[in-house]
Amino acid sequence: MFGKFIREHKWKYISGILFLFAVNLLQLITPKITGTVIDGVNDGTIIESTLIKYSMLILLIAIGVFVLNFLARLQINGSSNLYEFVLRNKMFEHLLEMSMKFYNERTVGDIMALSTNDMGALRMAISRGIMIMADTVFLLIASIYIMSSQINLRLTLIAFIPMPFMVFIMLRFGKLIHRRFRRVQESFADMTQKTQENISGIRVIKAFVQEEFEIDNFRSLNKRDYDRNMALVRIRGVFFPLISFISSISYLLVLVYGGYLVIDGTISLGDFVAFNTYLGMLVWPIASIGRIINLVQRGKASIDRIGNILDEEADIYDDPAIPKDFEPKKFRGKIEFRNVTFAYEEGGEPVLKDINLKVDPGETLAVVGRVGSGKSTFANLILRLYNPKNKGEIFIDDIDIMDIPLKVLRDNVGFVSQDNFLFSISIRDNIAFIPEGISDGKVLEAAKLSQLYNEIEDLPEGFDTLLGERGVNLSGGQRQRTSIARALAKDPTILILDDSLSAVDTDTEERILEGLNTFMNNRTSIIIAHRISTIKDADKIVVLDEGRIVEEGSHEELVTQKGIYAEMYERQLLEEEIAKA
Ligand SMILES: Nc1ncnc2c1ncn2[C@@H]1O[C@H](COP(=O)(O)OP(=O)(O)OP(=O)(O)O)[C@@H](O)[C@H]1O
Ligand SMILES: [Mg+2]
């Protein structure tokens with residue numbers, strides 16, 4: 001992934017690096033000029049006009065350095081930004097392709113850290129990292145060459161005596177810094193996750209008066225992050241002064257031996273000054289070997305993490321054997337479960353057991369059962385949000401859903417999920433939530449069917465009202481009905497309502513069901529509910545208990561069976577009577 005990008009944009013990098021080389025080359029000329037001028041002044045051979053010529057040269061070099069530096073940065077930083085841009089798109093695309101299983105295994109904080117910390121570290125590695133690396137390599141080679149061959153070999157060797165220590169320290173510290181940096185990143189991710197969760201769950205926190213507890217929680221996470229940052233600060237705090245200290249020793253050695261060489265007449269004063277300038281130019285790049293190591297290691301760790309996510313294959317995808325022009329695009333809506341046993345984790349306790357079931361086109365199937373009995377799981381499997389992989393098959397129109405393109409399958413299903421998630425866009429856009437868009441007429445019709453229309457029309461901005469953070473909050477019942485409208489508007493063959501009428505009163509429920517009656521005439525519907533009133537008119541009712549179908553039949557049949565269903569029904573009748581009384 002990274003290699004491919006570099007290959008595609010190699011000319012940008014190569015030209016950027018060449019510009020950097022040119023910058024360094026020009027910078028290396030200046031000390032030599034200064035040296036020459038000093039010697040000229042010293043022995044009185046320099047005249048005013050040559051002095052002006054030299055100053056002009058230095059000015060020209062400065063301008064050249066400025067322009068070339070700009071170009072180098074443009075090429076290299078430009079490429080790294082482009083890479084980040086490409087990678088972000090790829091990452092987002094990939095994230096949306098991943099199945100529910102992927103999201104169950106990770107926290108939002110972990111995923112968000114990828115696109116903040118890791119992307120940033122990666123960009124630094126391939127922009128600043130590459131630039132410092134090119135600078136260092138070139139400056140080291142070129143200035144050592146000039147110092148040793150043009151000025152004095154022995155002085156150069158003496159100046160370099162402390163350098164192995166410097167390299168040793170840098171390698172040592174590089175590892176430590178890297179390790180501590182990783183720990184900072186981890187604690188930062190935890191803290192982000194905590195913040196995010198608290199903000200989304202602010203209502204619950206307030207209702208349960210958990211503010212103090214959560215603040216304490218956050219404090220300890222923040223403290224851990226702070227401590228880890230401090231550990232990093234400490235090690236860096238030792239590192240940089242240590243490098244300065246070692247370079248001072250180098251200067252000291254040059255001052256002593258170089259001074260001696262000048263007195264001795266082996267080198268000129270100008271050469272001595274130039275030598276010191278070169279040494280000054282070198283300390284920084286040598287010290288940055290550590291920084292390079294640091295940047296590259298951070299970048300490497302980040303690209304590994306990003307790569308791990310990108311390499312993770314979606315476990316839900318179209319079988320390559322499925323023809324591109326799969327037909328039919330529109331189903332009639334027959335659904336069949338054959339011996340389906342399903343567990344969320346491999347080898348785990350099945351959540352659905354031996355489900356056998358047939359729903360004919362146009363029929364309404366109701367699914368009831370205690371909380372956690374597997375109703376939502378049943379719905380998720382029809383949409384292939386999880387693969388029905390453990391045992392058994394699911395068929396739609398007698399085709400195994402594993403042999404149906406996901407797009408075709410999901411296009412045919414109108415799904416109202418239990419969480420009724422709505423996006424922070426207008427109500428209209430929430431309802432017309434398919435790529436092709438949906439005509440206004442259809443949006444309004446769907447809103448009318450789900451008994452939402454009047455309430456929305458009463459809002460000042462009607463269907464253009466924005467939802468969410470920057471807009472209004474709908475009531476629970478309104479949210480449910482908006483989700484229903486969203487499912488209806490896409491004109492599905494199969495409609496699945498997962499506990500979608502729980503937040504509306506029984507009158508509204510009745511009206512919605514009545515409206516749906518005509519809408520669903522030639523479509524199949526699956527209604528999951530806790531309230532018997534919601535489902536008593538269904539063609540077929542199944543009762544799930546601990547993942548098994550324990551009762552099956554029409555309302556009348558089930559009531560006479562005197563099982564779980566009859567019990568639920570009687571209890572609810574009783575509740576209704578109490579409510580009326
Ligand atoms: N993503 C998941 N990973 C692991 N286990 C899960 C997952 N989702 C649900 N379960 C488990 O599967 C079982 C069935 O859950 P499911 O959501 O299907 O129940 P349900 O009948 O829809 O319940 P409710 O009436 O509360 O909506 C539960 O024991 C639940 O803990
Ligand atoms: Mg459920």
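An automatic or database domain assignment divides the protein into domain 1 (2-311), domain 2 (329-412 + 494-581) and domain 3 (419-491). The model is predicted, with local features requiring pLDDT of at least 70 and side-chain atom pairs counting only at pLDDT 80 or more, while totals for chains, interfaces and linings use all residues. Residues are numbered from 1 along each chain as its sequence is written, and chains are lettered from A and ligands numbered from 1 in the order in which they are written.

The centres of domain 2 and domain 3, taken over C-alpha atoms, are separated by 24 Å. Their contact (C-beta atoms, placed from the backbone, within 7 Å) takes twelve residues from domain 2 and eleven residues from domain 3. On the side of domain 2 that touches domain 3, α17 (506-519) gives the most, with six residues.

Helix α14 (residues 440-449) and helix α16 (residues 476-489), both DSSP runs (H or I, at least four residues), pack at about 130° with their axes, lines fitted to C-alpha atoms over the stretch in contact, 8 Å apart. The residues making this contact include Lys442 and Val443 of α14 and Leu488 of α16.

Ligand 1 is surrounded by 13 residues (C-beta atom, placed from the backbone, within 6 Å), the closest being Tyr344, Val371, Lys375, Ser376 and Thr377. Helix α11 (residues 375-382) supplies the largest share of this shell, three residues. The table gives residue classes, where Ala, Val, Leu, Ile, Met, Phe, Trp, Tyr, Cys and Pro count as nonpolar, Asp, Glu, Lys and Arg as charged, and the others, Gly among them, as polar.

| Side of domain 2 that touches domain 3 | eight residues | three residues | one residue |

Definitions and conventions: Axes are lines fitted to C-alpha atoms, for helices over the stretch in contact, and angles run from 0 to 180 degrees between N-to-C directions. Helices (H or I, at least four residues) and strands (E, at least two) are DSSP runs, numbered from the N terminus. Two residues are in contact if their C-beta atoms, placed from the backbone, lie within 7 Å.
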